[in-house]
Amino acid sequence: MIELWIPITIFAAFCQNLRSAVQKHLKEVLSDTGATFSRFSYGFPVAAAYVLALHYGAGMAWPAPGHDFVIYGLLGGAAQVGATFLLVWLFSFRDFAVGTAYSKTETVQAVLFGLVILDDGVGLAGAVAIFVSLVGVMLLSTAKSGLEWRRLLLGWTDRTALVGMFSGTLFAVSAVCYRAASLSLGDPADPDGPGFLMQAGYTLAAVTLAQTVGMAAWMRWREPGQIRAVLGAWRWAGLAGVAGAVGSIGWFTAMTIQNVAYVRALGQIELVFTFAAGLFIFKERSSRLEIAGILLVVAGILILIGG
């Protein structure tokens with residue numbers, strides 16, 4: 001029987017694929033901060049509506065958040081904003097492919113942060129799966145951008161690579177903190193508790209609200225014109241926000257019931273979606289290196305699920 005977190009993660013990865021495509025378009029009409037803000041500001045109403053539906057529609061009890069929830073939620077929210085900003089900023093670099101490749105180390109870093117913060121370890125099969133997938137992701141990055149392996153491996157001290165790696169660090173920290181915040185609301189398996197759906201949804205709504213308010217205050221001070229620009233780009237920004245929020249519901253739910261490193265490793269199936277779309281819909285030709293990379297990503301996912 002397939003564990004529940006697996007289809008939830010696959011759904012979240014699909015939504016993230018859509019949100020990433022829309023956010024690239026937003027980069028053409030908004031600043032880095034504006035494009036980042038659009039994801040949270042338009043995503044909060046969706047998250048709030050979801051939580052209200054769980055409470056008033058499904059009868060799930062409100063959680064009772066404590067200090068741990070506030071601390072982990074704020075830390076995770078700040079880390080995600082920083083990571084998203086850095087990822088959007090990378091597209092401004094001429095050699096952004098290097099930074100993007102290094103941002104994919106998020107899954108490996110999530111193993112370390114999960115162990116330190118939550119004592120979430122990974123088994124041998126999980127470690128092998130994460131490593132195999134990482135090699136596959138790096139192969140795909142070099143194949144699509146024309147990067148040489150030598151440059152990728154030796155250029156890790158370049159500014160672009162460091163920005164990408166730090167983006168991965170912040171994404172890993174935010175994911176682990178979100179799991180910690182959600183778990184602080186109770187045992188997901190406790191029938192008398194709020195339940196994993198409410199814990200995940202409540203955490204998402206609270207964090208997204210804090211991110212929206214915090215970024216709005218920052219932009220009002222530093223980039224006041226961008227708030228108006230985000231409102232003016234409501235069609236694309238709204239789509240990015242809705243896709244991001246729906247995907248986040250999936251991510252938060254999966255990370256509430258499973259180790260973050262496993263969830264993020266399986267989430268790399270997003271690359272398989274992109275590869276398949278290019279191959280079957282857009283009739284793009286793939287190099288041997290790309291095929292090898294996608295096969296390694298798939299192999300890692302199969303090892304993870306099978307383990």
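At what angle do helix α4 (residues 67-90) and α10 pack, and how far apart are their axes? The angle is about 55°, and the axes lie 9 Å apart. Before going further, a word on the model: this is a predicted one, where local features need pLDDT of at least 70, side-chain atom pairs count only at pLDDT 80 or more, and totals for chains, interfaces and linings use all residues. Residues are numbered from 1 along each chain as its sequence is written, and side-chain values use heavy atoms, with hydrogens and water left out.

## Helix pairs

Helices here (H or I, at least four residues) are DSSP runs, like strands (E, at least two), and are numbered from the N terminus. Axes are lines fitted to C-alpha atoms, for helices over the stretch in contact, and angles run from 0 to 180 degrees between N-to-C directions.

| Pair | Angle | Axis separation |
|---|---|---|
| α4 and α10 | about 55° | 9 Å apart |
| α9 and α10 | about 125° | 9 Å apart |
| α1 and α2 | roughly 140° | within 9 Å |

Now for who touches whom, where contact means heavy atoms within 4.5 Å. On the α4 side of the α4 and α10 pair you'll find Phe-69, Gly-73, Leu-74, Gly-77, Gln-80 and Val-81. They face Tyr-202, Thr-203, Ala-206, Val-207, Ala-210, Gln-211 and Met-215 of α10. Helix α9 brings Tyr-178, Ala-181, Ser-182 and Leu-183 to α10, where they meet Gln-199, Ala-200, Thr-203, Val-207 and Gln-211. For α1 and α2, the contact is between Arg-19, Gln-23 and Leu-26 on one side and Ala-35, Thr-36, Ser-38 and Arg-39 on the other.

Gln-199 sits in helix α10. Is Gln-199 buried or exposed? Buried means under 20% relative accessible area, exposed over 50%, and partly exposed in between (1.4 Å probe, protein chains only). Gln-199 counts as buried because its relative accessibility is 0%. Leaving aside neighbours within four places in sequence, Gln-199 is in contact with Ser-182, Leu-183, Leu-185, Gly-186, Asp-187, Pro-188, Pro-194 and Thr-256. The C-alpha atom of Gln-199 is 9.4 Å from that of Val-51, 148 residues away along the chain.

Asp-192 belongs to the loop between α9 (159-183) and α10 (196-222). Asp-192 is exposed, at 74% relative accessible area. Its C-alpha atom and that of Ala-61, 131 residues apart along the chain, are separated by 9.2 Å.

Another loop, between α6 (106-118) and α7 (124-145), holds Asp-119. Phi of Asp-119 is near 60°, a positive value in a residue other than glycine. Asp-119 counts as exposed, at 62% relative accessibility.

## Nonpolar cores

A nonpolar core is a set of buried Ala, Val, Leu, Ile, Met, Phe, Trp, Tyr and Cys residues joined through side-chain atoms within 4.5 Å. The largest one has 40 residues, and Trp-5, Trp-251, Phe-252, Met-255 and Leu-304 have the most contacts inside it. Helix α13 (residues 260-266) supplies the largest share of this core, 6 residues. Apart from it lies another core, of 14 residues, including Phe-37, Met-215, Ala-233 and Ala-237.

Not counting residues up to four places away in sequence, Trp-251 touches Thr-9, Ala-12, Ala-13, Gln-16, Val-263, Arg-264 and Gly-267. Thr-9 lies in helix α1 (residues 5-26) and is buried, with a relative accessible area of 0%. With the sequence neighbours up to four places away left out, Thr-9 touches Trp-251, Ala-254, Val-263, Leu-266 and Gly-267.

## Cysteines

Cys-15 is buried at 9% relative accessible area, and Cys-177 is buried at 0%. With a disulfide taken as a pair of cysteine sulfur atoms within 2.5 Å, the count comes to 0 disulfides.
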